[in-house]
Structures are given as C-alpha cells and as structure tokens.
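Please look over the structure below before reading on.

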Amino acid sequence: MKQYTNSIYLISLFCLFFFSCEWDNNDKNYIELEKPQDITMGIDLAGVREDEVIYIYNNTNLFYSLSTQGKALLQVNLYLDGNSIGSDISKIHLSVNQINDEEHDLKVVIVLRSGSGSVADFANLEQYIGEYNFKIKFVDQNSTENRLKVSQTIDENNYLKLTWDEPTLPVDRYDVYSKTWNGDEKLIGTINDPTQNWCVDKNYVYGFQQYRVAAHVSNSSDVYLEGFHTVEYTTINEDNFKVEIQGLNKAELLFNNPNPYPFCLVVKDKLGNIYKMRDGNRVSFSKSLFPVYNELLRLYLLPANNEEADYLNFDNYYFYFSDDILTGIPNVTTVDVVKKQLIGSNFSSFYVYDKNLNAINNATIHYNLSTGSQINSLTNGLVAIQDINYFLHIYSDNTLNRELYALPLNYTDHFVTGKDKIAVTDPVNNTLSVYEGATAIKLFTNNYGGEQDYSRWFAPFLSYDDKYIAVLNYNFNTRLAWYKIYEMQGNTLTEKKSEINVPVNNIVFNYNNPNEVFICYSTRFDIVDLTTMQTKKSITGAFRDVDILTGNLLYKVNSTTGSLTNQYKILASNYTDEILSFSTGNQSGGRLFNSYFMINNYFIHTDKIKNQ
Amino acid sequence: MKRIIIITFLTIISLGAKSQFSVNYSAGYASYKMNDMKELMTFSLQMGISSGNLPPNAKLVDIFPAYVMHTVDVGYQSGNKEGGLKLSYMTTGSKIAVADYSGSYEEKLITNGYRMGVFYRHHFCNMTIKQHTLSFFAELSPALTIATMKTKSKLEINKSDNTTLTEKGEEINQKKTGYSIQPLAGARFKLYNHLLLTASAGYDFEFGASLGSGYRMDFSGFRINAGVGYMF
C-alpha cells in the first residue's frame, strides 16, 4: 500500500509539472523605427496675435485653425485663467458670463500624434504638444463711450463726406455700409488705414440713407465699434423744377438742386427720349407741339459718377408741365385797348394781365359767368361783362371798382362794344339795338324782319371808333350768311356794303386802322377799305387776329380735314411781309397780343417761335 | 476528485492478485489543428491594424504551434490486455506582438486542454530479451476534454525618464468541454520486470469545445510520446 501511496504522490508531482509547462512565446517582433523629429506647429486664432489682447463683445466663438504639419490632432485643451473651458477642436466659445471687463488669460494646448507608427504612437502617448497664450478682454460695444460719432460734411468736390471720431480702442480697419430705406445694407468701402477716420461716398446724391461705420477692433474676430448716421438732406419737390418753354416743341428744364452733391439728372420725355443734365442746372428737351397741358416728364436723379444708362435703377419722380398759361385760366379774354392790357375772367374771378401776360390785378366778381358769357372792353376804357343770367355789367374801368349799371339781355342776345356804344342783336326779334355805353340808353333799334331761326348766329360788329357797325346773319346749316356794314352817324345807319348767301362767318373791324374791316369767308378773308369799300387784299386762309399793339396779322392757313396740326402765318401790318409761319397743335382759336401767340389761355412769344 | 481517483485505483487493485499495476509518465509532442482559432487570430490581426486597435507593425509571431504535451496514465494489465485511466495536458497558443524603441505590445491567446479518459491497450506482440520484455501494443483512449482559453495583453511604454509604463489588458477566460478519441500504437520495454520505457504515436480526434459563432478549440492532431513508468 505504501508503494501505491508513493505512486500517487508521483502522479501529483507530474500534474504540477504539467501546469508549469503552459505554452508561451517570447518573440517580440522588434521593429527598427526612426524616432520622430521636431516639427513646427502653430495656431491661427481668428487672425489675432499671440500674447496680445483679444477683444470680444458678446458670447463669442473664436474659430481657429492649426498648423499641424500633417499630424493628427489628438486633443485641444482650453483654459481660461487656468480653468478648463472645454476642448472644442475648431472654436473657442467664450461667454460674457465667464469674464468681466478685465483682461483674462486664455491658454490653448494642442496635442498632436507623432504619426511615427510606433507602439507609443499607437497608444497616443507619443505626442507633440503646443501651448499658446492669449489675452481676452470684453468690450461693451453698445456703450455710449464706445459708439462712434459720425457726422457729415462735403469734400472739395461736393461729395458726401462722413467723418467719425477716433475710436476708443485700437482698430485694424473701418467698414462703411450704406443702408437704404428698405433696410438693405451694402458695404461701400473698407478703410484699412486706422488713422483715416473719414469716408467719401460718391454714390450718394439724394434721399434717405443711413450709414453704419464699423470699426474692427484689433485682435478680435468680430468685435467692432459702431456708429450710425442718417444723411441730412433737403427734400426735393416740384418747386425745385421749372420748365421754361423755348419754342413750340422745345423747352428747358431747370433744376434747382437744394443739395450739394454732384448729380446726373436724367430726363425722360413723353415719347421716351432721354436727356441728361450733368453739369449746370438746365437741360433742353423736346415737347409736344404747342399748346400742351400737363405733359409728363420722368426725372431720375443719379449720382454723378453713374452712367445715365443705368437710370432705371434709381428712383424716379414725376413732373408735369404745361405751356405758359394765363393765371386764373380765364374762360374768356379780350384786350383793354385803353390800357393795352389783356383782361379776362373765369367763372368767378376777373384778371388783368400786362403786356407780358403777367397777371397784375384780379378782382372777385359778385356774380357767376357761364361758359357762353362774353367780356368786352370799350375803347373808352369801360369794361362789359355778361353774367350767367345775361345781365351785361358795365364798369368804369378794368379795376371793376365801379359798376355803372347792369343791362339786361336775353339769353340769345349778342353784344359788342365800340368806343362809347354797345350794339346788341336780338335773334328772336331780328333787331339790332345800339346803346350809349356809359348810360345804357338805347339810341335806336334796327329791325331786320324775317322768321325766327335758332340755327343761326345773328351777331353785331362795331368799329373801335363807333363809326361803323355791321350785322351778320350766319346759318349753321347752310354755312351761308348775309351781312350788312353800315356807317353810323348818330342814330342813322348808312349801308356801306352787304352781301347775301355768302360763306361769311365773321366781320372784324381793325383797331389800328378804323377804316378797315376784315370780312372772313370760309376759305379766305378780304381786307376792305371802308372809305372806298374796295378790297385792299384778299388772303387765303382763316382770319384769326390783328395784334392791337403791333398791327401784325395772324391767320390760319387752310388745312385738310383731320390734320393733327394747324399752320399759322403772321404778316406785318402791311399785310405783305410774312413775319412767321409755324404749326401748332390742332386746338382751335389763335390770337396775337403784343407778339404773344395765344391759343385759349396758352401763350408763347413769337420770338421764341422764331428762334427755336 | 482526488478521492475518486484513489477509490478507483483501489477497486482496480482488488480485481486480481496476478495482475500488475503500472504508472507511466509520457512527454510528447502534439500538433493542434485549431483551424477556427487560427482564422480568428488572423482576422483579428487584420481588423485590429486597419481599425487602429492594434499597432500598425504588429504581426502574428506564433499561431497555435505544435507543442509539448504531458500524459500520465495508471494501468492495470492482465495478460495482453491493459486498461486504465489516462490524463493528458495539452497547451498551445497564439501571439500578436510588436516592439520598437518606444515600447512593446503583445497580445496572447492561450488554449489549454485537459484530457481525462480511460484507455485500453492490447499488447499483441511480446518478446523476451534476456530478462527484459519488449511488447508492441495498440491503444484506444476515449476521453473527456476540458478546453480553456484565456487572453493576455500587455503594453509597455519606455518613458523618457527610463522608466516603463506598463498597462495590462483585461483577461478573458473561457472554458468549454469536448470529447475525444485517441488511437495510438506503441512499444513498451520492461526492464528488470518493473521499470517501463514506452513510446507511442497516434492521432487524437477532438470534438466539441465550441466557443460559439462557429469557432471551437480543436486540439485534434498527431501525438508522439515517450515515457517512463513503473510496474508493480
């Protein structure tokens, strides 16, 4: 048994031996590697320089980039005043809650892998370590102290110049932005010289514009001190524009720019033609043929250095102009031959115009006029005005200060004035009555008999010296008339000339030559000497007027039906020399007063027509 | 366990007075198939390097090589037949390693097999040379195999102050059970009627010991043994 026991011990020893023989291998696979060399690494922290103060104004992310020489970044450790503030690999977040307005230490520790492929590199224990130190300071850019104070002046070329105070902190550059009324902001300039605290905007010409100047604080990513300025300017309105008529189809626009900035004014007329005003204050443009009323001009105000072709990119203004027109726009006018003035009245006011058609007096009349009301003056200075109720008010002169009387007329009556007399035709009774102008005493009545006919114009005519009187009976349907011209002596009428069934539509006695009358036919008019009753001259066309001040004759050249223009001729008082021939728009009328050609209330001096 | 073995021996001893007991120790050389484990280690190396979990210069310096094994058996022989208990210890492993100026890294995976079984040995030829006996035998041994696996990893970094930073990885241990059958052929030389010299060769068929995912610790392989023993 003892032998067995020994055997058992022997087996146990073997077992222990077994366990000590576990597999093992001592091959280390040693690799010869070169140790990593020193490298140069760096950091670009938003462009700021190490060991200098970084300014921040708000919760800020300072983005940075690293120069790692191709080495893998293991970690970044950020410390503010020695306390860890995270390890972001692309930015440093700084909260204003972390810092006060003192300087703080910012440390950035960068750890790179060696990349050698060694075991230590594998274990991330073989590293390049870079440590960078910065200073941080909080800037309250909204404080009054830090706000830039911006003001405006003009430079030597009158361009808008913005100037601002020196900033309270060192800056690298200034960015100047313009801001329009709709909030759009545009960078108009960057000033890299921190000592230059001004900027000229050559693109400002007019209107609301706000500027923002941002002074970028040195050593900061996005810290800037701001200043705002809204341009002070004078509003441009229609009073700053004026159109001067230079001819029948030519005018000049005058621009009184209340602001000093160089500009280019682009004028676009009714037809779309473009004119530009770069220097000076006036520009010529074509207008529609005289007379025009409320014709549109589009005006574009551009900065001077802009091409006018870009005008559509700028605001435009509407401006309406008309040919020169009589003040008050009277319905009816006539010439005060005593005072050599034009007088006229609209529905409620009376105007007196001088020789240059400037309104020099006006009076309010206590009655209304109708569209058919007449106004007339007597050669003795009296003024006759027909009101809406057909009363003929007679005044002592054109001041209307003294009304002599009011002569009642019928609504169909027509009247005319001479020197001291007033002639009135009554188409109902076919009579011609003559009154004493100063007293309204009827001197006589001449009855022509016949039936009542309302399709006719039964009108009187009286020479300016009361020597001659005429009556015309014009039928609108047949366009034929009969007329009689008398010499008037007291209450006696001596017929000087008469015709029947002739296309006469008007008879005009000449103020400048009392013995001369114009008998107007449909396509011509005859100048008849009343002493001899001979036709001195017959002119093809339609008689329009004789200028009481110059004696020049205005007539309209016959035109074809539907013509868009009317052609006029002005002859000298000898009726031979043609002074002017011109065309106008096809409005009816046309008269001469002191060499002003007038259609309705529009007027233009004949010199302008001649010189255009 | 020890008590069970002792009781088993005593039972066998009491079977017959003419029978002979023997105790043998054999040291041998064993190859290990370990196909799954080799594939696993190769794949791990490739993946580890490409993923950065292993140093780029790491390589497999050993992968489940043939290695020394130890066997102890206790037999009882009667005539040409011999039977008994047999205990074998198998060990092999794999190693990933790299070292350079900065330090070293190694990762070992060690597999051990504890084969516990019985054997039947038939001595089919006996020759007497002087007072010694030479016999040739065939043997068949079924057994239960307890397979263990463990990993060891170690990182050593040479610091600039000439000290070493050592970091050991977490060990993973696995234990699985398989079974095997091992045919052998051998010769035994009995000297002076007690001292035994044996030599044998054969193949060990191992089954089981799966680690899951289709991998298993396969200790199958050729066996060559030489041993000494004592016959009572």
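Two strands count as paired if DSSP finds at least two bridges between them. The model discussed here is predicted. In general, the strands of a sheet pair through backbone hydrogen bonds, in either a parallel or an antiparallel way.

**Chain A as a whole**
- Chain A contains three helices and 49 strands.
- Chain A has 612 residues, and 33% of them count as buried.
- Taking contacts in chain A between residues at least 6 apart in sequence, 50% join residues at least 24 apart.

**A four-stranded sheet in chain A**
- Four strands of chain A form an open sheet in the order β12-β11-β14-β15, and their pairing is antiparallel.
- At the edges are β12 (185-191) and β15 (224-230) of chain A, each of which pairs on one side only.
- On average, neighbouring strands of this sheet are turned by 20° against each other, direction ignored.
- Within the sheet, β11 (residues 171-179) and β14 (residues 210-217) of chain A pair in the antiparallel sense over eight bridges.
- A:Tyr174 has A:Ala215 in β14(A) as its bridge partner.

**Where chain B meets chain A**
- On chain B, 33 residues are in contact with 28 residues of chain A.
- The elements of chain B that each supply at least two residues to the side touching chain A include α1 (2-13), β1 (20-30) and β6 (132-158).
- β4(B) gives the largest share of this side, nine residues.
- By class, the side of chain B that touches chain A has 20 nonpolar, nine polar and four charged residues.

Methods:
Residues numbered from 1 in each chain as written. Chains lettered and ligands numbered in written order. Predicted model: local features only at pLDDT ≥ 70, side-chain atom pairs only at ≥ 80, totals over all residues. Contact = placed C-beta atoms within 7 Å. Nonpolar A, V, L, I, M, F, W, Y, C, P; charged D, E, K, R; others polar. Buried ≥ 20, exposed ≤ 12 C-beta atoms within 10 Å, placed from the backbone. Axes fitted to C-alpha atoms, helices over the stretch in contact; angles between N-to-C directions.
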